[in-house]
Amino acid sequence: MMAGSTVEPTGETTSVAASGAAAGYRPARTLPFGAEFRRQASRRRTQLALGFMVLLPLIILIAFQFDTNDDDNGGGEFGSLIDLATSGGLNFTLFTIFVSASFLLVVVVALFCGDTVASEASWGSLRYLLAIPVPRARLLTVKLLVALAYSALALVLLAGTALAIGTLRYGWSPLRSTVAAQLAPGEGLLRLLAVLGYLAIVLLVVAGLAFLLSVTTDAALGAVGGAVLLWILSSILDQITALGVIRSFLPTHYSTAWLGLLSTPVQTDDIVRGTVSAICYATVFWGLAFWRFTRKDITS
């Protein structure tokens, strides 16, 4: 090349220079889902949470082996559910879901979704992720999807383990409940899958609330605990009949509507209302989380 000569920039080089981005930089390729999924899998809280989902059905099964039939298992509806739990694998799974849905699953979902961003901020690594650079909206999207994936995995592990060990111990029998006639095993399995699907939708409210708190605070415990406490508060308010029609707008009002899937015929009115309510709440919470995070000064 002769001294003093110039090289005309190509159209691609000009485009890169005009945008201010480095050559080869693609925002959509930063922080891949698989990389974040594996990263979260290596964390101790993920391993413990998923491990406990497998361990809980085993604990319940062992506890049932100490039943000497000297009492009525506490009496009332709960006692009858315990009696049904030992009549087949499907019934054992239903009992496990029943005792886990109101609190344990809430805590697990809040843990995955409330810890995901706040923990990065508490460690001081959040700003380094953004400096890679990972666009803020993409970082939130990937972290939310990974958190939801682990939440769904926890639900599947709980039900799958309960179904497997319950069937091995008590056999493959029809599904029975206190609100329905006996259901054939095939239909009973479909009803249980529908119950899991509805629970997953209801828990989106917890996921949305925990995720919103996660981008608001740098304390992971505060995000997780705040989501759980607000869910409990909503459950308490839902028991106050003096609130009248206001109760139907609480996020927990339709949290037990999945029982309608066990009735004969299936009661779907509250299922539909609960689904719409959960999706609306989750969408609002996630929208606020993205709005807050994209405008927040990241100093940690």
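**Core, loop and salt bridges**

Q: Which residues have the most contacts inside the largest nonpolar core?
A: A nonpolar core is a set of buried Ala, Val, Leu, Ile, Met, Phe, Trp, Tyr and Cys residues joined through side-chain atoms within 4.5 Å. Buried means under 20% relative accessible area, exposed means over 50%, and partly exposed lies in between (1.4 Å probe, protein chains only). The largest such core has 75 residues, and those with the most contacts inside it are Phe-64, Phe-92, Phe-112, Tyr-198 and Trp-258.

Q: What pLDDT do local features need in this predicted model?
A: Residues are numbered from 1 along each chain as its sequence is written, and side-chain values use heavy atoms, with hydrogens and water left out. The model is predicted: totals for chains, interfaces and linings use all residues, side-chain atom pairs count only at pLDDT 80 or more, and local features need pLDDT of at least 70.

Q: Which residues does Trp-258 touch, not counting residues up to four places away in sequence?
A: Touching here is a contact, with heavy atoms within 4.5 Å. Trp-258 is among the residues with the most contacts inside the core. With residues up to four places away left out, Trp-258 touches Leu-94, Phe-98, Val-195, Tyr-198, Leu-199 and Ile-271.

Q: Is Gly-260 buried or exposed?
A: Gly-260 sits in the loop between helix 10 (220-238) and helix 11 (269-294). Leaving out residues up to four places away in sequence, Gly-260 touches Val-266 and Gln-267. Because its relative accessibility is 13%, Gly-260 counts as buried.

Q: How far apart in space are Gly-260 and Ile-271, C-alpha to C-alpha?
A: Ile-271 is one of the residues that Trp-258 touches. Gly-260 and Ile-271 are 11 residues apart in sequence, and their C-alpha to C-alpha distance is 7.5 Å.

Q: How many residues apart are Glu-36 and Lys-143?
A: In a salt bridge, a side-chain nitrogen of Lys or Arg is within 4 Å of a carboxyl oxygen of Asp or Glu. The structure holds 7 of them, and one joins the side chains of Glu-36 and Lys-143 (2.9 Å, N to O). This pair links distant parts of the chain: Glu-36 is in helix 2 (residues 33-41) and Lys-143 in helix 8 (residues 136-170), a separation in residues of 107.

Q: Is Asp-238 buried or exposed?
A: Asp-238 and Arg-247 meet through their side chains in a salt bridge (3.8 Å, N to O). Because its relative accessible area is 8%, Asp-238 is buried.

Q: Which residues do salt bridges that share partners join into one network?
A: Asp-270 and Arg-273 form a salt bridge, with the closest N and O atoms 3.0 Å apart. Asp-270 counts as partly exposed because its relative accessibility is 38%. Arg-273 is partly exposed too, with a relative accessible area of 44%. The network made by salt bridges that share partners joins Glu-36, Arg-39 and Lys-143.

Methods. Helix = DSSP H or I, 4+ residues; strand = E, 2+ residues; numbered from the N terminus.
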